[in-house]
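I opened this entry to look up a few points in one chain. My plan is to go from the overall fold to single residues and back.

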Amino acid sequence: MLNVNLLTSGIFFLIGGFSVAAAMLNWNWFFESSNASIFVKWFGRSGARWLYFIVGILIIVVASILLGGEIAKNEIL
């Protein structure tokens with residue numbers, strides 16, 4: 001199970017980092033996509049950027065918790 005949990009944590013880190021990067025760098029192609037444009041309509045561009053930033057940080061926190069539990073359980077590192 002170690003490899004599955006490490007893979008899951010890694011994917012979460014990438015997704016969270018991508019969301020934070022999109023919010024911080026204000027990527028037009030990201031916020032003009034059909035999925036993100038819904039939040040842009042609801043909250044405005046600035047509000048959508050904050051939403052994606054906060055969600056990205058939360059995903060990174062979840063990944064850290066998953067990874068930390070795996071490290072403690074298997075005593076790796």
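I note first that the model is predicted. I began with Gly17, which I found in helix H1, residues 2-25. I then looked across to Phe53, which is 36 residues away from Gly17 along the chain. Their C-alpha atoms are separated by 9.1 Å.

**Overall make-up**

I counted secondary structure next. The chain has 3 helices and 0 strands. Read from the N terminus, the order is α-α-α. Of the 77 residues, 19% count as buried. The chain exposes about 5300 Å². Carbon and sulfur atoms supply 72% of that area. I also checked the sequence range of the contacts. Among those between residues at least 6 apart in sequence, 56% join residues at least 24 apart.

I picked Ser9 and placed it in helix H1. Its relative accessibility is 1%, so Ser9 counts as buried. What does Ser9 touch, leaving out residues up to four places away in sequence? I found Ala63, Leu66 and Leu67.

I moved on to Ser19, also a residue of helix H1. Ser19 has a relative accessible area of 7%, and because buried means under 20%, it falls in that class. With residues up to four places away in sequence set aside, Ser19 touches Tyr52 and Gly56.

I looked up Asn26 in the loop between H1 and helix H2, residues 28-31. Asn26 has a positive phi of about 55°, although it is not a glycine. Its relative accessibility is 29%, so I logged Asn26 as partly exposed.

**Nonpolar core**

Which residues make up the largest nonpolar core? I listed 7: Ala22, Ala23, Phe30, Phe31, Ala36, Ala48 and Tyr52. H1, H2 and H3 each supply at least two residues of this core. The largest share is 3 residues, and it comes from H3.

I went back to Tyr52 and looked up its contacts, not counting residues up to four places away in sequence. Tyr52 touches Ser19, Val20, Ala23, Phe30, Phe31, Asn35, Ala36 and Phe39. Among these, Ala23, Phe30, Phe31 and Ala36 are on the core list too.

**Aromatic pairs**

How many aromatic pairs does the structure hold? I got 13. In one of them, Trp29 and Phe30 have ring centres 6.2 Å apart and planes at 85°, so I wrote this pair down as edge-to-face. I compared exposure for the two residues. Trp29 is at 56% relative accessibility and counts as exposed. Phe30 is at 11% and counts as buried.

Phe30 also pairs with Tyr52, again edge-to-face. The centres are 5.0 Å apart, with 80° between the planes. Phe30 lies in helix H2 and Tyr52 in helix H3, so this pair ties together parts that are 22 residues apart in sequence. Both of these residues are buried.

Phe43 has 47% relative accessibility, so it counts as partly exposed. Setting aside residues up to four places away in sequence, I found that Phe43 touches Ala48 and Leu51. Ala48 is a member of the largest nonpolar core.

**Nonpolar patch**

I finished on the surface. Leu7, Ile11, Phe12, Ile15, Val62 and Leu66 form a nonpolar patch there. Together they have about 500 Å² of accessible area. Which helix gives the most to this patch? I logged H1, with 4 residues. H1 and H3 each supply at least two.

I checked Ile15 as one of the patch members. Ile15 lies in helix H1. Its relative accessible area is 45%, so Ile15 is partly exposed. Leu66, another patch residue, had already come up as a contact of Ser9.

Terms used
Residues are numbered from 1 along each chain as its sequence is written. This is a predicted model: local features need pLDDT of at least 70, side-chain atom pairs count only at pLDDT 80 or more; totals for chains, interfaces and linings use all residues. Side-chain values use heavy atoms; hydrogens and water are left out. Buried means under 20% relative accessible area, exposed over 50%, partly exposed in between (1.4 Å probe, protein chains only). Contact means heavy atoms within 4.5 Å. Accessible areas come from the Shrake-Rupley method with a 1.4 Å probe; for residues, only the protein chains shown count as cover. Patches are made of residues with over 30% relative accessible area and no salt bridge: like charges are joined within 9 Å, nonpolar side chains (Val, Leu, Ile, Met, Phe, Trp, Tyr) within 5 Å. A salt bridge is a side-chain nitrogen of Lys or Arg within 4 Å of a carboxyl oxygen of Asp or Glu. A nonpolar core is a set of buried Ala, Val, Leu, Ile, Met, Phe, Trp, Tyr and Cys residues joined through side-chain atoms within 4.5 Å. Rings of Phe, Tyr and Trp (its six-membered ring) pair if their centres lie within 6.5 Å; planes under 30 degrees apart count as stacked, over 60 as edge-to-face and the rest as tilted.
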